[in-house]
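Open the model in your viewer and keep the selection tool at hand. This tour goes stop by stop.

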Amino acid sequence: MEVVVAPVAELARLAADAVQRLLTARPEAVLGLATGSSPLAVYDELARRHAEEGLTFARARAFMLDEYVGLPADHPERYRNVIERDLVSRVDLAPGAVHGPDGLAADLAGACASYERAIADAGGVDLQLLGIGTDGHVAFNEPGSSLASRTRIKTLTRQTREDNARFFGDDLDAVPTHCLTQGLATILSARHLVLLAQGRHKAEAVHQLVEGPVSAMWPATVLQMHPHVTVLVDEPAASRL
Ligand code: GLP
């Protein structure tokens, strides 16, 4: 695990460099996209390089980490719409090349199984961007998640719903209670994991991720088992290392 502590703009450049190197070597690469505030500066940097330097995503494919269950198709906080806004609409990723778990499927378990198959059929994820929750969750793998888990339906913890209420007008009741999420084993099967964290509120989670014992109670610690992980954190997030 490589840990880099730097200002946010520098972290964004480092993550964008990794994406750019991959796309240069393999234009048809498979990207793993995260939602949330952590990767936003990376998406800004990728959009800038696309507009100003000709970085192209035209042949790339992408898989999202997770999705809320039951949000209407046009809901602004549906992760499929969030990633459209934050990245897809700003680069030349073909809309049909971006995949996410279907939180509106009548058969949610079936949607999870077919999502796993789609990732495998694409040859797996080459580079997975990740954030981390204050309780150490990655994607929506909350504390207690099996370290061997695959894409499945999960119940969101109150902590995560409170953390995400800011996206729902600070109305906790408006935050969905369930989600579909890639499992920890799904995430570990990506070839390179790039995790971003900013802010003092992430310091305990980053401490556990880097220095804690591997435990389902801090799901991100399973990344210690992966051979190629880059952790990009700012000074406040690194303050407990
Ligand atoms: C959310 C998402 C995660 C994200 C994390 C941190 O609930 N499901 O994918 O990494 O929590 O969010 P943020 O980056 O906004 O702090």
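Before the first stop, sort the residue types: Ala, Val, Leu, Ile, Met, Phe, Trp, Tyr, Cys and Pro count as nonpolar, Asp, Glu, Lys and Arg as charged, and the others, Gly among them, as polar.

**Stop 1: the ligand.** Remember that this is a predicted model. Select the ligand and the residues around it. The shell divides into 5 nonpolar, 8 polar and 1 charged residue. Which residues come nearest to the ligand? Of the 14 around it, they are Gly-36, Ser-37, Ser-38, Gly-131 and Gly-133.

**Stop 2: the whole chain.** Zoom out. Colour the chain by pLDDT. The average is 97, and 100% of the residues score at least 70. The model has an ipTM of 0.94 and a pTM of 0.97.

Switch to a cartoon view. The C-alpha atoms fill a box of roughly 45 × 45 × 35 Å, taken along the principal axes. Does the radius of gyration agree or disagree with that of a compact globule? It agrees, because a compact globule of 241 residues would have a value near 18 Å and the chain has 17 Å.

Of the 241 residues, 44% count as buried. Now think about contacts between residues at least 6 apart in sequence. Of these, 79% join residues at least 24 apart.

Stop 3: Select residues 8–225. UniProt, in an unreviewed entry, lists them as "domain: Glucosamine/galactosamine-6-phosphate isomerase". The span is 34% helix and 14% strand. Its end C-alpha atoms lie 26 Å apart.

Start with Asp-66. You will find this residue in strand β4, residues 66–68. Is Asp-66 buried or exposed? Asp-66 is buried, because 22 other C-beta atoms lie within 10 Å, and the cut-off for buried is 20 or more. Show its contacts, leaving out residues up to four places away in sequence. Asp-66 touches Tyr-79, Pro-101, Ala-139, Phe-140, Cys-179, Leu-180, Thr-181 and Gln-182.

Move on to His-137. This one sits in a loop, between β6 (127–130) and β7 (152–155). His-137 is buried too, with 27 other C-beta atoms within 10 Å. Which residues does His-137 contact, beyond its neighbours within four places in sequence? They are Glu-142, Pro-143, Thr-160 and Pro-219.

**Stop 4: helix α7.** Select residues 203–211, which form α7. Its buried residues are Ala-205, Val-206, Gln-208, Leu-209 and Val-210. Keep the helix repeat in mind. An α-helix has 3.6 residues a turn, so residues three or four places apart point the same way.

**Stop 5: Val-222.** Follow the chain on from α7. Val-222 lies in the loop between α7 and β10. Val-222 is buried, with 24 other C-beta atoms within 10 Å. Apart from neighbours within four places in sequence, Val-222 is in contact with Leu-147, Leu-184, Leu-188 and Val-214.

Finish with a distance. Pick the C-alpha atoms of Val-222 and Gly-199. These residues are 23 apart along the chain, and the two atoms are separated by 22 Å.

Technical notes: Residues numbered from 1 in each chain as written. Predicted model: local features only at pLDDT ≥ 70, side-chain atom pairs only at ≥ 80, totals over all residues. Near = placed C-beta within 6 Å. pLDDT = per-residue confidence, 0-100. Buried ≥ 20, exposed ≤ 12 C-beta atoms within 10 Å, placed from the backbone. Helix = DSSP H or I, 4+ residues; strand = E, 2+ residues; numbered from the N terminus. Contact = placed C-beta atoms within 7 Å. UniProt positions renumbered as here; feature names shortened; annotations may be inferred. Rg over C-alpha atoms; globule rule 2.2 N^0.38 Å.
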